[in-house]
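Subject: Structure for your review

Dear colleague,

Please find below the structure that I would like to hand over to you.

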Amino acid sequence: MTTAAVNCNQIAKRYGDKYALEELSISIPENKIVGILGPNGSGKSTLFRMITGLVKPDSGEIEVLGKTPGWKTNRDIAYLPDRARWYPNQTVADAFQWAEQLLPGFDMDNAKDLANFMEMDLDLRANGMSRGQEARLMLILCMARNVPLVILDEPFSGIDVISRERIIEGMIDYLSDRDQTILISTHEIYEVEGMFDYAIFLNQGKAILSEDVEELRAQYGSMHDIFRQFYGLQKGGF
């Protein structure tokens, strides 16, 4: 029987009159790369913030790594939100030193290897970074941590297509022998679906489909095709 990294039982979160998550019940398997997929507003980011303990459910129960999300689980989670905040003169090397001091499980050698692979100059300052370089730095800070759960919210946003393809290929090799649960939310489904072992499709705060990727492909085709099929999108458009 597969152990769950995250269990959600009828969780709900509402902002004003709108539900971000509504009676969501899902089980996210341990040590898998899991795609959390859906259009904007489907509840992906709220789910991620709830897993990290930044947001509490209005009702229902959520269990992360066998515990209620909060300070007891935070040291075991690497979370990549959509943007970072750096002082203008901070360098990539400064960011690594900060991470080594403050982030549990951060591996400096691993970070430097990833920086070399992603062509990040350690002397590059924050005020000289493009959006794509900033995205690479945030990705490195997460991926260099030896923790049980990694959450990547739109990790490739701002990275150019050529670099993105190369980084994704490298990540597939890098993650293949690591005992981590990786949750990835992305709109670049066509490019990254080869990474996924498991996929959960959300719509209006509810799970409309969750299954092993091989089973889904056998029934529906590619993840990209399922996305278009379920959300009524035309080919090439998100």
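The notes below describe the helices, then some individual residues.

This is a predicted model, in which local features need pLDDT of at least 70 and side-chain atom pairs count only at pLDDT 80 or more, while totals for chains, interfaces and linings use all residues. Residues are numbered from 1 along each chain as its sequence is written, and side-chain values use heavy atoms, with hydrogens and water left out.

Helices and strands

Helices (H or I, at least four residues) and strands (E, at least two) are DSSP runs, numbered from the N terminus. Helix α6 covers residues 161–175. Its 15 residues reach 21 Å from the first C-alpha to the last, close to the 21 Å expected at 1.5 Å a residue; the expected span is 1.5 Å times one less than the number of residues.

Which residues of α6 are buried? They are S163, R164, I167, I168, G170, M171, Y174 and L175. Here buried means under 20% relative accessible area, exposed means over 50%, and partly exposed lies in between (1.4 Å probe, protein chains only). An α-helix has 3.6 residues a turn, so residues three or four places apart point the same way. The elements covering the buried residues of α6 include β3 (33–37), α4, α5 (131–143), β6 (149–153), β7 (181–185) and α7 (189–192).

Two helix pairs

The axes of α5 and α6 come within 13 Å and cross at roughly 0 degrees. Axes are lines fitted to C-alpha atoms, for helices over the stretch in contact, and angles run from 0 to 180 degrees between N-to-C directions. The two helices α5 and α6 are therefore roughly parallel to each other; angles under 35 degrees count as roughly parallel, over 145 as roughly antiparallel, 65 to 115 as roughly perpendicular and the rest as oblique. R136, L139 and M143 of α5 make the contact with S163, I167, M171, Y174 and L175 of α6, where contact means heavy atoms within 4.5 Å. These residues divide into six nonpolar, one polar and one charged. Ala, Val, Leu, Ile, Met, Phe, Trp, Tyr, Cys and Pro count as nonpolar, Asp, Glu, Lys and Arg as charged, and the others, Gly among them, as polar.

Helix α3 (residues 92–102) and helix α4 (residues 108–117) have axes that come within 10 Å and cross at roughly 150 degrees. Therefore α3 and α4 are roughly antiparallel to each other. On the α3 side, F96, Q97 and E100 make the contact, and on the α4 side M108, A111, K112 and A115. By class, this contact has four nonpolar, one polar and two charged residues.

Individual residues

Most residues other than glycine have a negative phi, and most peptide bonds are trans. L65, although not a glycine, has a positive phi of about 55 degrees. L65 is in the loop between β4 (59–64) and α2 (71–74) and counts as partly exposed, at 22% relative accessibility. E119 is not a glycine either, and has a positive phi of about 60 degrees. E119 is in the loop between α4 and α5 and counts as exposed, at 58% relative accessibility.

Is I62, in contrast, buried or exposed? At 9% relative accessibility, I62 counts as buried; its place is in strand β4. I62 and N7 are 55 residues apart in sequence, yet 5.7 Å apart in space, C-alpha to C-alpha.

Yours sincerely,

A colleague
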